[in-house]
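Work through these exercises with the model open beside you. Try each task before you read its solution.

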Amino acid sequence: MAILKIARMGHPVLARPADPVADPTAPEIRQLVADMVETMIDAPGQGLAAPQVHVPLRVAVFLTPPEGPEGRRQLVTLVNPRWVPLAEGQDRAWEGCLSVPGLRGLVPRYSRIAYEGILPDGSRISREVEGWHARVVQHELDHLDGILYPQRMTDLKDLIFETEFKHRAAPSAQELNE
Ligand code: NI
């Protein structure tokens, strides 16, 4: 296991579409996923895509929002994922990104989506989700297409420094840092 260096906005690896993984069950993909999880937890962040650690492959890991009475969070790994919106509706919420350190932005995202991908054991995952879970997936999978959250914003007045966040909104338990 290793903590990997995180690429920051401006590095070309964050601006190009990532390549599909030929063999999702390959040992090097398993190793990459293990290192990405360690890097995400160390950061700390709630999600990480392979291009953020300078690996231009379609792999992402993220934590689901707390679910159930015990508020458990699930770690999801997606290889070669895809997603589609399930409805036109979007909502806006504050996001951060490990590749855009120190900033927050108010980002519109589809409220309901379906996503699918392959797990490192070769099985397939397919889900319909909404709210925060849907937002995290859209943020992470955008990384695989070379898109950072400021590119999804409609008003750059809502791109601010974290240290000034107190002027804009009540602190939220669910701020993204991906
Ligand atoms: Ni991010």
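**Exercise 1: Pairing in the sheet**

Task: find the bridge partner of Ala114 in β7.

Solution. The bridge partner of Ala114 in β7 is Glu128. Strands here are DSSP runs of E with at least two residues, and helices are runs of H or I with at least four, both numbered from the N terminus. Two strands pair if DSSP finds at least two bridges between them. β6 and β7 pass that test with 7 bridges, in the antiparallel sense. Next, look at their hairpin: 5 residues lie between the strands, and Gly122 takes a positive phi near 95°.

A word on the source: this is a predicted model, where local features need pLDDT of at least 70, side-chain atom pairs count only at pLDDT 80 or more, and totals for chains, interfaces and linings use all residues. Residues are numbered from 1 along each chain as its sequence is written, and side-chain values use heavy atoms, with hydrogens and water left out.

**Exercise 2: The whole sheet**

Task: give the order of the strands in the open sheet.

Solution. The order is β1-β2-β3-β6-β7, 5 strands with antiparallel pairing. At the edges are β1 (47-49) and β7 (124-130), each pairing on one side only. On average, neighbouring strands are turned by 35° against each other, direction ignored. Angles come from lines fitted to C-alpha atoms, for helices over the stretch in contact; they run from 0 to 180 degrees between N-to-C directions. Inside the sheet, 5 bridges join β3 (residues 75-85) to β6 (residues 112-118). Val79 has Ile118 of β6 as its bridge partner.

**Exercise 3: Helices on the sheet**

Task: which strands does helix α1 touch?

Solution. Helix α1 (residues 27-42) touches β1, β2 (59-63) and β3, and its direction makes about 40° with that of β2. Contact means heavy atoms within 4.5 Å. Now check which residues of α1 are buried (under 20% relative accessible area; exposed is over 50%, partly exposed in between; 1.4 Å probe, protein chains only). Among them are Ile29, Leu32, Val33 and Met36. The buried residues of α1 pack against β1, β2 and β3. Helix α2 (residues 131-144) lies across β1, β2, β3, β6 and β7, at about 155° to β2.

**Exercise 4: A loop residue**

Task: is Gln46 buried or exposed?

Solution. First, locate Gln46: the loop between α1 and β1 holds this residue. Gln46 is buried, because its relative accessible area is 12%.
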